[in-house]
Amino acid sequence: MTASARQLEAGHENGTASECSVTIYTDGSSLGNPGPGGWAAILVWGDRRKEISKGYVETTNNRMEIRGVIHALSQLSRSCTVHVHTDSRYVCDAISKKWISSWIRNGWLTSGKKPVKNRDLWERLLPLLKQHRVHFHWVKAHNGHLENERCDELAKRAAASPGREVDNGYLADS
């Protein structure tokens with residue numbers, strides 16, 4: 001493991017947790033929606049960066065969008081200020097517009113009284129959001145944003161790669 005990877009896992013940029021600041025770019029892809037899917041994230045702290053991605057056999061685009069955020073935040077072992085940049089309105093709005101708080105208050109039902117989709121992933125994301133100071137930023141997809149375009153490329157590559165995993169939460173909802 002490189003020194004910069006150890007620092008990322010330790011969750012600090014300049015030696016102390018209070019100085020930890022990380023910028024994350026994420027994207028998700030599903031070839032067919034549902035179909036083979038993948039997520040990708042780029043983590044940037046200081047002058048360092050790390051790219052991560054993974055593919056799944058059968059899933060949806062929204063699940064991959066959420067997974068990108070989950071897996072990126074899971075890379076951090078200490079509390080950080082995090083700026084997440086995503087082209088997913090679904091992810092941004094669920095947090096920024098406090099949909100997730102309403103879903104929880106309503107017993108994981110939407111305002112239309114239907115079960116919230118991807119509940120398993122939202123429940124995995126919640127403790128990570130509490131561990132860090134996370135700010136979500138929406139970026140327009142396929143608009144020349146270099147990191148978003150790179151995440152898109154990595155997510156599509158992961159979706160098409162051999163050795164994809166089963167997205168158990170998706171199959172359970174089917």
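This note goes through the predicted model point by point, from the overall fold to single residues.

1. Basis. Because this is a predicted model, local features need pLDDT of at least 70 and side-chain atom pairs count only at pLDDT 80 or more, while totals for chains, interfaces and linings use all residues. Residues are numbered from 1 along each chain as its sequence is written, and side-chain values use heavy atoms, with hydrogens and water left out.

2. Overall make-up. The protein has seven helices and five strands. Here helices (H or I, at least four residues) and strands (E, at least two) are DSSP runs, numbered from the N terminus. Read from the N terminus, the order of elements is α-β-β-β-α-β-α-α-α-β-α-α. Of the 174 residues, 46% are buried; buried means under 20% relative accessible area, exposed over 50%, and partly exposed in between (1.4 Å probe, protein chains only). Among contacts (heavy atoms within 4.5 Å) between residues at least 6 apart in sequence, 68% join residues at least 24 apart.

3. The sheet. Five strands make an open sheet with mixed pairing, in the order E3-E2-E1-E4-E5. Two strands are taken to pair if DSSP finds at least two bridges between them. E3 and strand E5 (133-138) are the edge strands, each pairing on one side only. From one strand to the next the twist averages 20°. Helix H3 (residues 89-96) packs on the sheet and touches E4 and E5, and its direction makes about 135° with that of E5. For such angles, axes are lines fitted to C-alpha atoms, for helices over the stretch in contact, and angles run from 0 to 180 degrees between N-to-C directions.

4. Strand E1. Eight of the ten residues of E1 are buried, so this strand is largely enclosed by the rest of the structure. E1 runs antiparallel to E2, to which eight bridges join it. Asp-27 stands opposite Ala-40 in E2, and Ser-29 stands opposite Gly-38 in E2. The hairpin of E1 and E2 has four residues between the strands, and Gly-32 there takes a positive phi near 120°. E1 also pairs with E4, in the parallel sense and over six bridges, with Ile-24 opposite Val-84.

5. The disulfide. The structure holds one disulfide, counted as a pair of cysteine sulfur atoms within 2.5 Å. Cys-20 is joined to Cys-80, with an S to S distance of 1.8 Å. The link is right-handed, with 80° about the S-S bond. Cys-20 lies in the loop between helix H1 (3-10) and E1, and Cys-80 in the loop between helix H2 (61-74) and strand E4 (81-86), so the pair ties together parts that are 60 residues apart in sequence. Cys-20 counts as buried at 2% relative accessibility, and Cys-80 is buried at 0%.

6. Other cysteines. Cys-92 is buried, with a relative accessible area of 5%. Cys-151 is buried too, at 0%, and is one of the buried residues of H6.

7. Helix H6. The 15 residues of H6 (residues 146-160) should span 21 Å at 1.5 Å a residue, and the end C-alpha atoms are 21 Å apart, which agrees. The expected span is 1.5 Å times one less than the number of residues. Its buried residues are Asn-148, Cys-151, Asp-152, Leu-154, Ala-155, Ala-158 and Ala-159. An α-helix has 3.6 residues a turn, so residues three or four places apart point the same way. What covers the buried residues of H6 includes strand E1 (21-30), strand E2 (35-45) and strand E3 (48-59).

8. Helix H5. The 13 residues of H5 should span 18 Å, and the end C-alpha atoms are 19 Å apart, which agrees. Leu-121, Trp-122, Leu-125, Leu-126, Leu-128 and Leu-129 are buried in H5. Their cover includes H2, H3, helix H4 (99-105) and E5.

9. His-132. This residue lies in the loop between helix H5 (119-131) and E5 and is buried, with a relative accessible area of 4%. A polar atom of its side chain lies 3.3 Å from the backbone oxygen of Arg-78. Not counting residues up to four places away in sequence, His-132 touches Leu-73, Leu-76, Arg-78, Ser-79, Cys-80 and Val-82. Cys-80, in this list, is the disulfide partner of Cys-20.

How values were computed: Polar contact = N/O pair within 3.5 Å; in protein donor to acceptor, adjacent residues only side chain to side chain.
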